[in-house]
Amino acid sequence: MAIRTSIQPGQLLRIGFIGVLSFGLGLWGLYDYAVKIPRAEALVAEHAGLVATKDALEAKQLSGTLTADETTTLEDTRRSLAERFIEAPVPPAAFDRAVQLWVYVVLCGLVGTPWAVWMYVSLKKRQFELTDDGMLVTPEGSCRLSDVRDIDMSRWMDKSIAVVTLADGTTSLLDDYKYKNLHLIVGAVASAKYPEQWTADARKVVPPAADAGPESGASSVPSTEPTEKA
């Protein structure tokens, strides 16, 4: 039966989470940069303009030199301040636009999102297969299972990583953390090359336990039956 790999579900979830999160943060940063921050700056400028107009007219009013139009303007200004501003708006921090642009729009949106797509495409392109007729197929090349030169299993138990050397000397990295069913291909290669060390499902061969007791036979306990007299 042929063995084919696919991307591990955990890898798909991780890449999908990174992609969606990066895209969402990029959109959020773009909205803040292009809409929210300019709107807040315009509100601060409007409030400052109204306050400046009010202060100037009130100062002129103290000298009793306001015209009818200026009096109307002063009343309208006071009304606008009372209706539109419960309190003075806080201006955005000086670095807000730079943070939204470079951290969220560029780093998350323009770098993080394409990176997640690239990771998915890269994993999708790297497929491994062991065909029914014993052909080992890797992204780096193919050869018959019987012609595989070697497989390095030194990192398998700790990292789930093996390196197979094909018939032409090309090496291919096999990472079971990223690919589902890859352990079956690793086990097929390892058990073929080192049957005394590895099983077909890429587990270490457990040596049989040594006999702990004496061999079965006559009892070593002295007999308690009386000895016949001659």
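Predicted model: local features only at pLDDT ≥ 70, side-chain atom pairs only at ≥ 80, totals over all residues.

**Entry 1: helix 1 and its neighbours**

Helix 1 and helix 2 are oblique to each other. I looked up the numbers behind that: their axes cross at roughly 140° and come within 9 Å. Angles over 145 degrees would count as roughly antiparallel, so the word for helix 1 and helix 2 is oblique. I also noted that helix 1 passes helix 2 in a left-handed crossing.

Next I turned to helix 1 (residues 9–62) and helix 3 (residues 96–125), whose axes cross at roughly 155° and come within 8 Å. These two helices are therefore roughly antiparallel to each other. Helix 1 passes helix 3 in a left-handed crossing. I then sorted the residues of this contact: 19 are nonpolar, nine are polar and five are charged.

A reminder to myself: the angle between the axes and the distance between the axes are what describe two packed helices.

**Entry 2: along and around helix 2**

Then I asked which residues of helix 2 are buried. I found E70, L74, T77 and L81. They cover an arc of only 65° around the axis, so they lie on the same side of helix 2. On the other side I found A68, D69, A82 and E83, which are exposed.

Is K125 buried or exposed? I first placed K125 in helix 3. Its relative accessibility is 67%, so K125 counts as exposed. E70 is one of the buried residues of helix 2.

T113 is in helix 3 too. With a relative accessibility of 17%, T113 counts as buried, because the cut-off for buried is under 20%. The C-alpha atoms of T113 and E83 are separated by 43 Å, and the two residues are 30 apart along the chain. E83 is among the exposed residues of helix 2.

**Entry 3: helix 5**

I repeated the span check on helix 5. Its twelve residues should span 16 Å at 1.5 Å a residue, and its end C-alpha atoms are 17 Å apart, which agrees. The buried residues of helix 5 are L182, I185, V186, G187, A188, V189, A190 and S191.

**Entry 4: two positive phi values**

Which phi value does S160 have? I found it near 60°, a positive value in a residue other than glycine. S160 is in the loop between helix 4 (156–159) and strand 7 (161–165). Its relative accessible area is 25%, so S160 is partly exposed.

A202 is not a glycine either, and its phi is positive, about 65°. I placed A202 in the segment after helix 5 (182–193). Its relative accessibility is 5%, which means that A202 counts as buried.

How values were computed. Residues numbered from 1 in each chain as written. Heavy atoms only, no water. Axes fitted to C-alpha atoms, helices over the stretch in contact; angles between N-to-C directions. Helix = DSSP H or I, 4+ residues; strand = E, 2+ residues; numbered from the N terminus. Parallel < 35°, antiparallel > 145°, perpendicular 65-115°, else oblique. Left-handed = near helix turned anticlockwise from the far one by under 90°. Nonpolar A, V, L, I, M, F, W, Y, C, P; charged D, E, K, R; others polar. Buried < 20%, exposed > 50% of the residue type's maximum accessible area, 1.4 Å probe, protein only. Arc of directions from axis to C-beta. Expected span 1.5 Å × (residues − 1).
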